[in-house]
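Please examine the sequence and the model below. The questions that follow concern its disulfides and its strands.

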Amino acid sequence: MLWSFFALVSLLPLSALAGGFHESSLHRRHGGRSRIQARNNTGNARAFKLKDMYQGQAFLDEWDFFTDADPTHGLVNFQTRQNAIKKNLAFVQDDGTTVLAVDDVSTLPVGTPRDSIRISSKKTYTGGLFIADFFSMPHGCSVWPAYWSVGPNWPAGGEIDVLEGVNNQATNQYTLHTSEGCEISQAFAEKSVAVSNLLNPQCASSGSDNRGCAFLDTDTATFGHEFNIVAGGVFAHLWDNSGIKIWRFSRPNIPADIDAKNPDPSTWGPPAANFPNTSCDIASHFFDHALVLDTTLCGDFAGSAYGSSGCPGTCEQAVADPANFKLAKWRVNYIAVYQ
């Protein structure tokens with residue numbers, strides 16, 4: 001996740017690898033390969049059937065809790081399911097909202113990792129329509145939240161970063177990471193096929209250049225404090241043989257068909273990010289993805305951007321103070337998978 005954002009974000013690194021920048025960050029743990037299934041079209045509309053609904057207790061029972069050292073070198077101790085529940089870092093509220101939190105109680109010596117959560121779906125997916133409804137997301141100095149998906153043998157199976165940013169970042173970034181042979185063509189980029197700004201057309205990622213192809217949103221309601229004060233919203237991405245498209249809707253603007261569980265992307269207007277298959281064979285670069293939610297601290301992205309983010313002191317000092325993490329919480333309404 002390095003090192004200079006393009007035009008709009010000279011203050012932040014570009015790399016949006018939710019799993020990290022350095023070579024050691026590239027080890028993913030989801031295996032297998034399959035092909036994207038074709039869908040029947042009727043005009044521009046498609047009939048999507050709900051396959052999996054993750055809501056409430058499902059995030060605790062049907063997702064795995066990652067407990068290895070953070071591949072992105074963050075100052076975090078990712079907790080087991082048992083410890084996360086015991087420490088009140090993962091729980092379901094009375095209204096059914098799932099909370100995934102960073103420890104906001106313990107005062108730590110500077111440089112000591114802080115307890116946090118990273119979970120991934122037990123099921124893997126190759127294509128589909130994915131709709132994630134978040135009431136709020138973590139944010140603040142040193143904080144690096146991400147909602148993403150990843151395939152096996154990174155970057156061979158690909159990575160889709162749907163929601164990601166660091167520190168005081170103003171808007172969301174959408175990024176793909178792949179093996180060689182995938183990019184956004186200049187001709188396509190010039191057609192203005194997305195409402196966000198293209199940062200980098202090259203999706204191929206490696207230890208030497210981990211930026212991936214990325215769009216940066218212009219709407220401040222897509223990330224951090226501004227996202228939370230409107231009660232969050234929905235991120236939806238459609239992954240099929242034509243490419244990968246990502247939409248975002250703030251709470252007041254969620255389409256009625258999404259609430260009705262009868263989604264119709266053909267009515268949603270231009271996506272926030274659009275990654276076509278014109279210069280990238282989607283089926284060979286993206287397969288068997290697990291969905292991931294995590295919050296890391298400092299590390300390769302938030303740590304490197306800390307000094308230029310308007311945050312006080314050092315990133316390590318921020319992690320030591322529990323007061324900085326009162327807002328470092330995911331509140332997840334649901335994640336739905338349609339086929």
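A disulfide is here a pair of cysteine sulfur atoms within 2.5 Å. The model is predicted.

Q: Which pattern do the disulfides of the chain follow, with bonded cysteines counted along the chain?
A: The structure holds four disulfides. Among them are the links of C141 to C311, of C182 to C280 and of C298 to C315. With bonded cysteines counted along the chain, the pattern is 1-7, 2-5, 3-4, 6-8.

Q: How many residues apart in sequence are the parts that C141 and C311 tie together?
A: The two sulfur atoms are 2.1 Å apart. C141 lies in the loop between β10 and β11, and C311 in the loop between α7 and α8, so the parts that the pair ties together are apart in sequence by 170 residues.

Q: What is the handedness of the disulfide of C182 and C280?
A: The S to S distance of this pair is 2.0 Å. The torsion about the S-S bond is about -95°, so the disulfide is left-handed.

Q: Is C315 buried or exposed?
A: C315 lies in helix α8 and is joined to C298 by a disulfide. Buried means under 20% relative accessible area. The relative accessibility of C315 is 4%, so this residue counts as buried.

Technical notes:
Residues numbered from 1 in each chain as written. Predicted model: local features only at pLDDT ≥ 70, side-chain atom pairs only at ≥ 80, totals over all residues. Heavy atoms only, no water. Helix = DSSP H or I, 4+ residues; strand = E, 2+ residues; numbered from the N terminus. Buried < 20%, exposed > 50% of the residue type's maximum accessible area, 1.4 Å probe, protein only.
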